[in-house]
Amino acid sequence: MTLIETLASVRPGSALAEAMGKRAEILRLSEAAHDAVLLPHDPGGLSHGLRAALAARMARHNRSPALASHYDTLVARADEPATALLAEPDTNVSDPRTAEIVRHADRLTVAPRDATRAHVEALRQVGVTDADIVRLAELAAFVNYQVRVLAGLKLLGEMR
């Protein structure tokens, strides 16, 4: 079973499982995207722990506790105590670089249309590289994709 199937509580043999079986390639690609975005060989300036904490935070903003729990597991596995607290949306951050990254991740999650070039420039001003800005956008896009897929699968499961 893939992460999406597990988090959506898809029962083997159910109509939903059968329908998802017809989309096995999409599920496989989603798993590959998960690993590429959360656990890349070269994380750049966004460590695995930071990525997982931001992902958990994004899931919480989207009221997706099962997804947040999955990312909390990755946070613990990363063993980066400084990033673990960032998984909670109400956490205050003192480091300027990390604070700006968190602000931007929150913005991309709760109000993506509000993101401007000025926000990207603010990231650059605190030392976030262009490559890491792209990585952060990819992370937000992927987690928000997961949230929407899971919400849709939940609705489909309830309809049957």
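The dialogue below sets values beside the definitions that give them their names.

Modeller: Please bear in mind that this is a predicted model.

Biologist: Why is the pair Phe142 and Tyr145 called tilted?

Modeller: A pair of aromatic rings is described by the distance of the centres and the angle of the planes. The ring centres of Phe142 and Tyr145 are 5.9 Å apart, and rings pair if their centres lie within 6.5 Å. Their planes stand at 40°; under 30 degrees would count as stacked and over 60 as edge-to-face. The pair is therefore tilted. The count of aromatic pairs comes to one.

Biologist: What separates Phe142 and Tyr145 along helix α9?

Modeller: Phe142 and Tyr145 are three residues apart in helix α9, which means a separation of about one helical turn. In general, an α-helix has 3.6 residues a turn, so residues three or four places apart point the same way.

Biologist: Is Phe142 buried or exposed?

Modeller: Phe142 has a relative accessible area of 7%. Buried means under 20%, so Phe142 is buried.

Biologist: Why is Tyr145 called partly exposed?

Modeller: The relative accessibility of Tyr145 is 31%.

Biologist: Where does Gly157 lie?

Modeller: Gly157 belongs to helix α9, which covers residues 130-159. Gly157 and Val10 are 147 residues apart in sequence, yet their C-alpha atoms are 7.8 Å apart in space.

Biologist: What makes α7 mostly covered?

Modeller: Of the 15 residues in α7, 11 are buried. Among them are Ile101, Val102, His104 and Leu108.

Biologist: How do you know that the span of helix α7 is close to the expected one?

Modeller: Helix α7, residues 96-110, reaches 21 Å from its first C-alpha to its last. The expected value at 1.5 Å a residue is 21 Å, and the helix is close to it.

Biologist: Which residues touch the most other members of the largest nonpolar core?

Modeller: They are Leu38, Leu54, Tyr71, Ile101 and Leu139, in a core of 40 residues. At least two residues of this core come from each of α2, α3, α4, α5, α7 and α9. The largest share, nine residues, is from α9.

Biologist: How do you know where empty space is left?

Modeller: Rolling a probe the size of a water molecule over the atoms shows where empty space is left. The largest pocket holds about 440 Å³ of space. Its lining has 22 residues, and Leu7, Ala8, Leu150, Leu153 and Lys154 lie nearest its centre. Helix α9 gives the most to this lining, with seven residues.

Biologist: How do the residues lining the largest pocket divide?

Modeller: The lining of the largest pocket has 12 nonpolar, five polar and five charged residues.

Biologist: What lines the second largest pocket?

Modeller: The second largest pocket, with about 180 Å³ of space, is lined by 12 residues, including Met20, Arg23 and Val149. Two or more of its lining residues come from each of α2, α3 and α9. Helix α9 provides the largest share, four residues. This lining divides into 10 nonpolar, no polar and two charged residues.

Key:
Residues numbered from 1 in each chain as written. Predicted model: local features only at pLDDT ≥ 70, side-chain atom pairs only at ≥ 80, totals over all residues. Heavy atoms only, no water. 1 Å grid on protein atoms, 1.4 Å probe; cavity = no way out; pocket = protein on both sides within 12 Å on 5 of 7 lines; lining within 4 Å. Points joined across faces, edges and corners; volume = space filled by probe spheres on them. Nonpolar A, V, L, I, M, F, W, Y, C, P; charged D, E, K, R; others polar. Phe/Tyr/Trp six-rings, centres within 6.5 Å; stacked < 30°, edge-to-face > 60°. Buried < 20%, exposed > 50% of the residue type's maximum accessible area, 1.4 Å probe, protein only. Expected span 1.5 Å × (residues − 1). Core = buried A, V, L, I, M, F, W, Y, C linked by side-chain atoms within 4.5 Å.
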